[in-house]
Amino acid sequence: MKLYTYDPAPNPRRLQLFLDYKGIKLDTVQIDMMKQAQFEESFRKVNPMCTVPALALDDGTVLTEVIGTCVYLEALYPEKPLLGTTALEKAQVISWNHRLFNSMFHAIAEVFRNGNPAFADRALPGPMKVAQIPALVDRGKQRLEAGWRMVDRALAKSPFLAGEHFSLADIDLLVCVEFAGWIKAAVPDECSHIHAWLPRAKAALEAAAGEQ
Ligand SMILES: N[C@@H](CCC(=O)N[C@@H](CS)C(=O)NCC(=O)O)C(=O)O
C-alpha cells in the first residue's frame, strides 16, 4: 500500500489523524499542493481526479475518498474502532461524517476557494476549470455559522459527536475547527458544548498516541 497525501491539507489531515489514532504506519509520498503537484502527469496516473489523499493498494486499486479509505483500513485494523461498533453507532458515525463533509467542510471550502485569487478557475478541487462565484463567500460563512450551532446542539447530548465514544466524526469535527482557521473563523463563544468537547477530543487523540 502507498499513501499519496499532503499533510497540511484538511482531507489528508482527516485520514492522518485516523491513522495516528489507530497506530497504522503507511509508506507515504507527499504531493506538494503548494507546487500544484496534484496536477502532474505522474500523480494523474495514480488519481485522475487530482485530489489527495489517495491510497494505492497492492492490487492496483486506488481509494480516493477519505471515508472509503477509513472503511477499508478499519476492516484491516479493527483494533481501536473509529467507525462505531454497534449498528446505531456505525449509523451515527457515517451520518455525522456525511453531514460535516456536506455542510461544514464544503462551507469553509466555499469561503476559502471563492474568495482567494490563488484559486481563480479552481473553485472546486480537480482537473476541471471551475470559475469562482464571489457570492459563495457570504453563503459559505452563513452555512458555517448554522453548522456550528447544529454540532453544538448534538454535543449537548453526548460527550462525543456520535455518542459515548470518540470516532471518525470527532476527527472530522476537529479538522473542521482547524480548517475554519484558514478563513479566520472560529467556534463561536456561545457554542459552549463544542468548547467543552475540544479538550476531550484532543485528549482522546493524545491518549491513543501515548499507547503506541
Ligand atoms: N473526495 C475527497 C476529497 C479530497 C480533496 O478534495 N482533497 C483536496 C485537499 S484537502 C485536494 O486534493 N484538492 C486538490 C486541489 O485543490 O486542487 C475525499 O473525501 O477524500
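Helices (H or I, at least four residues) and strands (E, at least two) are DSSP runs, numbered from the N terminus. Under that scheme, E110 is found in helix α4, which covers residues 87-114, and W197 is found in helix α7, which covers residues 192-211. The model is predicted, and local features need pLDDT of at least 70, side-chain atom pairs count only at pLDDT 80 or more, and totals for chains, interfaces and linings use all residues. Residues are numbered from 1 along each chain as its sequence is written, and side-chain values use heavy atoms, with hydrogens and water left out.

**The ligand and its surroundings**

- The ligand sits in the largest pocket. On a 1 Å grid over the protein atoms alone, a pocket is an open set of points where a 1.4 Å probe fits, with protein on both sides within 12 Å along at least five of seven lines; a molecule sits in it if more than half of its atoms lie within 2 Å of its grid points.
- The ligand is surrounded by 18 residues, of which the closest are Q38, V52, E65, V66 and R113; a residue is counted if one of its heavy atoms lies within 4 Å of the molecule.
- Helices α1 (10-22) and α4 each supply at least two residues of this shell, and α1 gives the most, with 4 residues.
- In the side chain of Q38, an N or O atom is 2.8 Å from an oxygen atom of the ligand.
- A polar backbone atom of V52 is 2.8 Å from a nitrogen atom of the ligand, and a polar backbone atom of V66 is 2.9 Å from an oxygen atom of the ligand.
- The protein buries 90% of the 510 Å² that the ligand exposes when taken alone; these areas come from the Shrake-Rupley method with a 1.4 Å probe.

- E110 is buried, with a relative accessible area of 10%. Buried means under 20% relative accessible area (1.4 Å probe, protein chains only).
- The side chains of E110 and R143 make a polar contact at 3.0 Å, that is, a pair of N or O atoms within 3.5 Å, one able to donate a hydrogen and the other to accept it.
- Leaving aside residues up to four places away in sequence, E110 touches L136, V137, R139, G140 and R143; contact means heavy atoms within 4.5 Å.

- W197 is buried, with a relative accessible area of 0%.
- Beyond residues up to four places away in sequence, W197 touches L155, P159, F160, D170, L173 and L174.
- W197 and L173 are 24 residues apart along the chain, and their C-alpha atoms are separated by 10 Å.

Methods
Buried < 20%, exposed > 50% of the residue type's maximum accessible area, 1.4 Å probe, protein only. 1 Å grid on protein atoms, 1.4 Å probe; cavity = no way out; pocket = protein on both sides within 12 Å on 5 of 7 lines; lining within 4 Å.
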